[in-house]
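Have the 3D view open as you read.

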Amino acid sequence: MLIETKKLTKRFGGNVAVNEVDFTIEEGKINAIIGPNGAGKSTFFNLLSGSYTPSAGQVIYKGKDITKLSPDRIAKLGVARTFQTTNLFEQSTVLDNVIVGHRLRTKSNLWDAVLRTKRFAKEEKKCREKAMEVLDFVDLTHVMNQQAGSITQEEKKRVAFALALATDPEVVFLDEPTAGINPGETEGLADLMEKMVKRKITVCLIEHKMKMIMKLADKIMVLNYGEKIAEGTSEQIMNDPAVIEAYLGGDASA
Amino acid sequence: MDILTQQLFNGLTIGSVYSLVALGLTLVYGILHIPNFAHGALYMLGAYITLTMMLLWGVHYWIAMAVSVLVVGLLGVLMDRLVFHPLRNAPPIHDKIAAIGILLFLEAFAQLIWGADYRTMETPYGQVIDIFGMTATTQRVLINIGAIAVMILLYLFLKKTYIGSTIIAMAQNREGAHLVGINTNKVAMLTFMISGGLAAIAASLSAPINLVFPGMGHLVILKAFVIIILGGMGSVPGAILGGYILGFTESLGATYISNDYKDIIAFLLLVVILSIKPKGLFSREDF
Amino acid sequence: MGSLLKNRGWVIGALAVAILFPFVLPNAYFLHILTLAFIWMIAVYGLNLLAGYTGYLSLAHAGFFAIGAYALGLLTVKTEINYWLALVLACLITSAIGAVVGLVALRTREHFFAIYTLCVGYIIYLVIDKWDGLTGGVRGLIGIPVPSNIGPLSFETPLSQYYLVLFFLIFTVLVMYRIVHSLTGRTFIAIRNSEDLAQTIGISTMKNKLLVFVLSTFFAGLAGALYASFIRFIGPDIGYITIIFDLLTYLLVGGIGTLAGPIVGTFLIVAVSQSLQFLQDYRMLIFGPLLTLLIIFYPRGIVGAYYDWRMKHTAKKVKRTRKEQRYFESETVDAEKKVKEG
């Protein structure tokens, strides 16, 4: 178990968005979080990556309490994430966009930049090489030198993956990675996720496309109204009465 | 004691003007999320138009003000159509710069037409009267009554008419408003119209006790920004309350602390507020 | 790499013009105007790093310019310390005040940041204007000395001041170039694109934003200090908000978020203003709408528009050569076929 949440809770004013959720993310597997709209999935993600501070509960990463850490500190520990919409610098090339992803593993500062020290040269090279490596991993070498504004939606998603991978993560959180792209492309991204797991990178994603999740995920958690209603393999989830009720909105026998 | 009541009355008068200006600013912010830096220029133009009508054609004060409201209101609509509407999806830094561009233009325009001199506006209500043992000109009393009347009218318009309620609906949720069939473009134009009109009223009411010059909007608009941050960006009651709070603070500060530094009070207040609460008072935290 | 070589031509050309200008056109008035323009350019570079590369529109920079100017003026006039020491101190004082302001201001974002800095700028102006005992208030500060000699180098003449300011401008551009083309610069740009994303790739946004803010106030202070010793008289109006609007116009016209923008924009606007002398007080009649139109149609100014044009141009070229290649390949295949068939 790589990450564990203990009674994780987030309240906004009087509303409870995430309510006492206990969840574990298994190392080297594809973990998925599903649930109807407004179930608190994105909030849960934001709690794990440090974007929100929990109202109560804990997040444990490799035995260390990271509940109160800022997002950049969490990223340095090896937790990466993507967003539903990817903000790329459109006037820059794809490669330039990804280079900064490895920044957190470098130490060169303003003086190195101004004085062009040896460390500066070494680390610039290191970041560039890392960017090339991850772009190769996500199969984008061919658009590397194109302007980020000119590539397709699916390619932008892959750039977002590359940016996350450039941070040398142990676990990657993907927020609806296949939203807004067609079925064929979805499959490609699913393959990419499996490829990541083979590289010993744990994957955790939020997804709406049920069919894909059931095939892809090793472990699934279902959220509804901010509460965990089921957890298990896709088979267990598909036969869980609570899940059926949440999705179909009626009782299971109907 | 006398000085205190006199200053409280002064604070009320200044506060009335601030509130009206802040109301226009907060309405536009609430609907379009634009910090309209050009709002101070609308205020300035409002005063000049009233003044010109009165001097050039001898039009009566109230009629001149009505014309001013209409002209400045339409100018606001024009600004929305020509500048802010095309920029609605641009990065956030753009609309601010565009607003600054409009501000610079309008000020240079005023200077070209009316010159850089300080002018005074004569009022038919210059006589001094005695209320509760304190002396004041009728104009000052008028500012207070006028401002409060305008605020009540605005409140009734927003709460009691359908068209007013669309403004409120859109301020609360732009996409939602669009979904339920509100023509968001029309509402935006209407809001700019009201916002410009409010600025013109504020300027025309207060011009007789102040001076009219191209840079007269600078301090007022800066303070209006302080007020709407104080009262919550986009909040109507907040703008009114904030305006009066600042009015009282300033007039008391000028008497009991230092007249030289009274203009700093507002900015220090803002710096303190934002230092403690970076998203402003009454921000909906975490969202 | 290709673009770097293309740009090198521009850089060497501009440098040569700047260095040779006083010999080609020995005109005291032009020299004065150009020196002033160089000073503004330094301040605009400071603003560009913050607003252009990091996405934070500061409206307090006229205030920081004034702090630099007054710090140098007061240090040289009232304490009579060495000019160069005073220059260094003026920059440090401005940066230190910048750090304090930045610590608080940078917790706010977008509109709040703009309004906050606008107010800070106004407070700085009011303090300078009202604090008679220290700053001389509206009467201003007179008798600021020219830079003192360095060995045989003297800065008494306008020509020597021109080269001194040019030296500092080149220094500024070099520093900016190196920052922008480095991991540090990429970090700033990442913050501009999306702060949330920047944080999740491990960038400490507050630390980096503060660094940019202090740097940009440093250059505003440097420009202010140079201004003080060049004009030798300063009044509170150099801290007034109209100055920040001027700086913004220079930046926007040239191209916000581009390296050449501050030079192009400042030079162009100053040159146009000079040839339209009769417009002096009304120049905003033209520049105001210009600012607004630019942000709607060319948000990255002249330099940005040039880059876009060049990018399209090369993209077309690439397409064309690709097409030609394909055509060529298919032809050779056809030819080979024919050879085989034949």
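A cavity here is a set of grid points where a 1.4 Å probe fits but cannot get out, and its volume is the space filled by probe spheres set on those points. Keep in mind that this is a predicted model.

**Cavities**

With that in hand, the structure holds 4 cavities of 30 Å³ or more. The largest cavity comes to about 70 Å³, and the second largest cavity holds about 50 Å³. Here are those two side by side:

| Cavity | Volume | Lining residues by class |
|---|---|---|
| Largest cavity | about 70 Å³ | 7 nonpolar, 1 polar, no charged |
| Second largest cavity | about 50 Å³ | 6 nonpolar, 3 polar, 1 charged |

Which residues line the largest cavity? From chain B you get F37(B), L103(B), H218(B), I221(B) and L222(B), while L118(C), I241(C) and F245(C) come in from chain C. Two elements give two or more residues to this lining: helix 9 (217-231) of chain B and helix 11 of chain C. Helix 9 of chain B has the largest share, 3 residues.

The second largest cavity has chain A residues R81(A), T82(A), F83(A), T85(A), T86(A), A160(A), L163(A) and A164(A) in its lining, along with L197(C) and I201(C). Helix 6 (residues 153-165) of chain A gives the most to this lining, with 3 residues.

The size of an interface is often given as the accessible area lost when the parts come together. For chain C and chain B, that buried area is about 3800 Å², and 82% of it sits on carbon and sulfur atoms. On the chain C side, H111(C), F112(C) and I115(C) supply 17% of the area buried against chain B, more than any other three residues. In terms of head count, the contact takes 38 residues from chain C and 45 residues from chain B.

What about charge pairs and polar pairs? The count between chain C and chain B is 0 salt bridges, and the rule finds 3 residue pairs in polar contact across the interface. Which helices of chain C each supply at least two residues to the side that touches chain B? They are helix 5 (110-130), helix 11 (241-254) and helix 13 (283-297). Helix 5 of chain C has the largest share of that side, 14 residues. Sorted by class, the chain C side has 29 nonpolar, 5 polar and 4 charged residues.

**Salt bridges**

Over all chains, the count comes to 17 salt bridges. One to look up is in chain A, where the side chains of D168(A) and K130(A) meet at 2.4 Å, N to O. D168(A) lies in the loop between helix 6 and strand 7 (171-175) of chain A, and K130(A) is in helix 5 (residues 118-137) of chain A, so this pair ties together parts that are 38 residues apart in sequence.

Technical notes: Residues numbered from 1 in each chain as written. Chains lettered and ligands numbered in written order. Predicted model: local features only at pLDDT ≥ 70, side-chain atom pairs only at ≥ 80, totals over all residues. Heavy atoms only, no water. Contact = heavy atoms within 4.5 Å. Buried area = accessible area lost by both parts, 1.4 Å probe. Salt bridge = Lys/Arg side-chain N within 4 Å of Asp/Glu carboxyl O. Polar contact = N/O pair within 3.5 Å; in protein donor to acceptor, adjacent residues only side chain to side chain. Helix = DSSP H or I, 4+ residues; strand = E, 2+ residues; numbered from the N terminus. Nonpolar A, V, L, I, M, F, W, Y, C, P; charged D, E, K, R; others polar. 1 Å grid on protein atoms, 1.4 Å probe; cavity = no way out; pocket = protein on both sides within 12 Å on 5 of 7 lines; lining within 4 Å.
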